[in-house]
Amino acid sequence: MDKFTTLTGIAAPMPLVNIDTDMIIPKQFLKTIKRSGLGVNLFDEMRYDRNGNELPDFVLNQPAYRQAEIIVAGDNFGCGSSREHAPWALLDFGIRCVISTSFADIFFNNCFKNGILPVVLPPEAVDVLMEDARKGANARMTVDLENQTVTTSDGVSFAFEVDPFRKHCLLNGLDDIGLTMEKAPAIQTYETRMAQSRPWV
Amino acid sequence: MTTESARTLYDKIWDAHVVDRQDDGTCLLYIDRHLVHEVTSPQAFEGLRMTGRSVRAPERTIAVPDHNVPTTWDRENGIVNEESRIQVDALDKNAREFGVVYYPVNDIRQGIVHIVGPEQGWTLPGMTVVCGDSHTATHGAFGALAHGIGTSEVEHVLATQTLIQKKSRNMKVEVTGRLAPGVTAKDVVLAIIGHTGTAGGTGHVIEYCGEAIRGLSMEGRMTICNMAIEGGARAGLIAPDQTTFNYVKGRPHAPKGAQWEAAVAWWKTLFSDDGAHWDKVVTLRGEDIAPTVTWGTSPEDALPITATVPAPSDFSGGKVEAARRSLDYMGLTPGTPLTDIAIDAVFIGSCTNGRIEDLRAAAQILRGRTLAPGVRGMVVPGSGLVRAQAEEEGLDQVFKDAGFEWRLAGCSMCLGMNPDQLAPGERCAATSNRNFEGRQGYKGRTHLMSPAMAAAAGVAGHLVDVREVFGD
C-alpha cells in the first residue's frame, strides 16, 4: 500500500447525497480477479452513455477535473455493497482522498486498506470545500494527514479527526496482516481457551 | 437507568471475541465463521499466494459461488459469460487448494451464501460471522455478530482468523405490539429504514427488539437483519430465544448431544441486560406499519402503499436534488398514488426474501391466479435445498401456473451479475434489498417490497395493497 502523507491536488465537487458503491463501480466490473484497471470504469453509468461515449456534464469528464485527486462529496458517500472494487476504482483513477460529512462504514474501512484517506468534516466545512472545489483546476486543495488539516486554495484550514492506528498505518503504508501475524501467540492462546469453553464453535 | 456492569447483547459477543486490545481501543477480534463467495475473494486468495500464507482455519471458512452463477436449468453445461466463468472457476480452484469447506455449483446445498450458512447450521448464536458481502448482516438474526468486510479484510481473516476492529456504538430499534394482517418482516424493515434513513445506523450495531420482532420466525428475522446495512448499520442483532434454538437444532453443523446442552446454556445468556447503555434508541409501533414499498433509488425512499409519490420539495438539504434525480430515473410524477404505478416484471428471491417462507407467502397470493398480461415473473430460490423443499410442497407448480419462471438458486436479478437483468426502463416489483440506479440492470427501475406484495403486483399489473385486493 502506498503511503499517504500530504496531498495537494484538484478536488472534484460531487454534492449528490448517498452516492452508493453501485454508482462508484457498477456490478459488471466486479467480475475481475485483479485489483487494477478499474479506473476507466469509475462512476461508469454516470460518466458514459450506453455506447461508451463520455457524458460532458459529468464532473470527471470536464477538463478542469480530469486530473482530480480529491473528491468533495455529499452525505453518506460509499453506502451499499461492501465491494472493495469501489476504492480500487477510485485509486486507479487517481483519487487519494474523499471528503464528506459522513461515509458508510465498510467503504470507510476499505479506503484505509488502499491508501485512500476518507475525511469527515461538519456540513459547514464541507460546504466551504465544495465551493472551493467548484473553482476548478486552478484551485488546489491541500490535505495534510500528519497535521490533520484540509486547506482550501485560498488558505482556509479545517482540522479533522482520524483514528490514530489508521493514521499510523496510512502514514507508513503498513500492511496490517503483517502486524497481526506478529500477534499469532495471542491468537493461539485464544483458540486454545475457546476449544475448552465453547467447543461447539 | 444505566448501570456499569450491564451490557448489551453486542457488548457480550464483542467481549467474548477479543484476542488483543491496544491502548487506543483498537481490538483484534476472533472470527468464528468466514463465508466466502466468488466476487470478493479472488484477490484475497491471490494475496495469500503472493505472500506464501495459508488459510489459518479452513474448517471455519465456507465457500459457495452465488453472485455469478446462471439460474437457468441448463447451467450444468457451464457458464457462457467468460468473466463470470473465470471468477467461479477461481473460487473452485482456491477452495480446493486452500482446503476450505466448499459447496460447488452442482451441489444441492449451493445457494446464496447468507441462506446456505444458516441452513447448514454454520451460523450459531453468539458467533462472529464475516463475509466479503454487505448482507452478512443477515446472520445477526441468530444473535451472531455478523457484518460485511472488504477484500483486504477477507485476506486478513483468511490469514489470521481475526479482524482489526474498533467497537461500534449500540443502537436499539424496538418495534412494539403486533403486526397487522398482511404486514411482514420486509414491511417492518422498510418502515424502519424509511424512518431512520440510510445513514441512521452508521457507526452503530442495531439490536432489533420488541414484541413484533419477537413474534417473527427465523426467516422473518433474517429479512430484518439482512437490511440492517441498508439503514447504515454494519450489523443487526436479534437476541436468540426458543424460536432460534428450534431452527438451529438438528442442522448438519449444529452442536449435538452434551455440546448442544452446553451451547444452549450459553446462548440463553445472550441478551441485553436491563440498564445497559444505548447510544441511540428508535421505537416504532407495530400496529402502525402498513405494507411498504420504495418509490426512489435509495432504500430510505420507503412509503406505505397507501401513499403518493413525493415531490422534491417534500425534502430538505441534499435530499432535494437526490429526490429530483430519483424521480427522473424512476420516471415518476409527484402526487401519483403508488398503487397507480404499472410494473413490467416481478422478481422473487435474494438473500432478503429467498427462503421457503417467502416462497410460501408469494405462492399463497398466486394460487389460482396469473400474472397480468405483459408482466414477466421470475422466482429464484435462495438455495438448492429451498428449491427442493418448495418443489416438494408443490410451490413450483403454483408459480409456473401463474406464469412465472422457476429457476435454480443464486443471487440472480438482485444485482444482475449473471444474465438475469432488467432492460432499460423496465420496472420491477422486487423482493430484494437495493433499488440503486442500475442495480438490477442498466436504467432498470426497482420497487422494493415483500414477497406477497410483489406477487400481488404481478397479478394486478401495478403496485397494489395486498390487504385490499387479496385479503381474506
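**Reading a sheet, a helix and an interface**

Modeller: Start with the open sheet of 3 strands in chain B, ordered β1-β2-β8 with antiparallel pairing. Strands (E, at least two residues) and helices (H or I, at least four) are DSSP runs numbered from the N terminus, and two strands pair if DSSP finds at least two bridges between them. The edges are β1 and β8 of chain B, each with a single partner strand, so one side of each has no neighbour in the sheet. From one strand to the next the twist averages 20°, with axes fitted to C-alpha atoms (for helices over the stretch in contact) and angles running from 0 to 180 degrees between N-to-C directions.

Modeller: A word on the ground rules. This is a predicted model, where local features need pLDDT of at least 70 and side-chain atom pairs count only at pLDDT 80 or more, while totals for chains, interfaces and linings use all residues. Residues are numbered from 1 along each chain as its sequence is written, and chains are lettered from A and ligands numbered from 1 in the order in which they are written.

Biologist: How many bridges join β1(B) to β2(B)?

Modeller: There are 3, and the two strands run antiparallel. R21(B) stands opposite C27(B) in β2(B).

Biologist: Which helix packs on the sheet?

Modeller: Helix α8 (residues 184-197) of chain A does, touching β1, β2 and β8 of chain B, and its direction makes about 145° with that of β1(B). Contact requires C-beta atoms, placed from the backbone, within 7 Å.

Biologist: And how many residues of each chain are in contact?

Modeller: 59 residues of chain B are in contact with 47 of chain A. On the chain B side, α5(B) gives the largest share, 6 residues.

Biologist: How do I read burial along a helix?

Modeller: An α-helix has 3.6 residues a turn, so residues three or four places apart point the same way. In helix α5 (residues 123-133) of chain A, the buried residues are A125(A), V126(A), L129(A), D132(A) and A133(A). Down the axis of α5(A) they fall within an arc of 115°, so they line one face of the helix; the arc is that of the directions from the helix axis to the C-beta atoms. A residue is buried if 20 or more other C-beta atoms lie within 10 Å of its own, again placed from the backbone.

Biologist: What covers those buried residues of α5(A)?

Modeller: The cover includes β1 (6-14), β2 (70-73) and β3 (97-100) of chain A, among others.

How values were computed
Two residues are in contact if their C-beta atoms, placed from the backbone, lie within 7 Å. A residue is buried if 20 or more other C-beta atoms lie within 10 Å of its own, exposed if 12 or fewer, and partly exposed in between; C-beta atoms are placed from the backbone.
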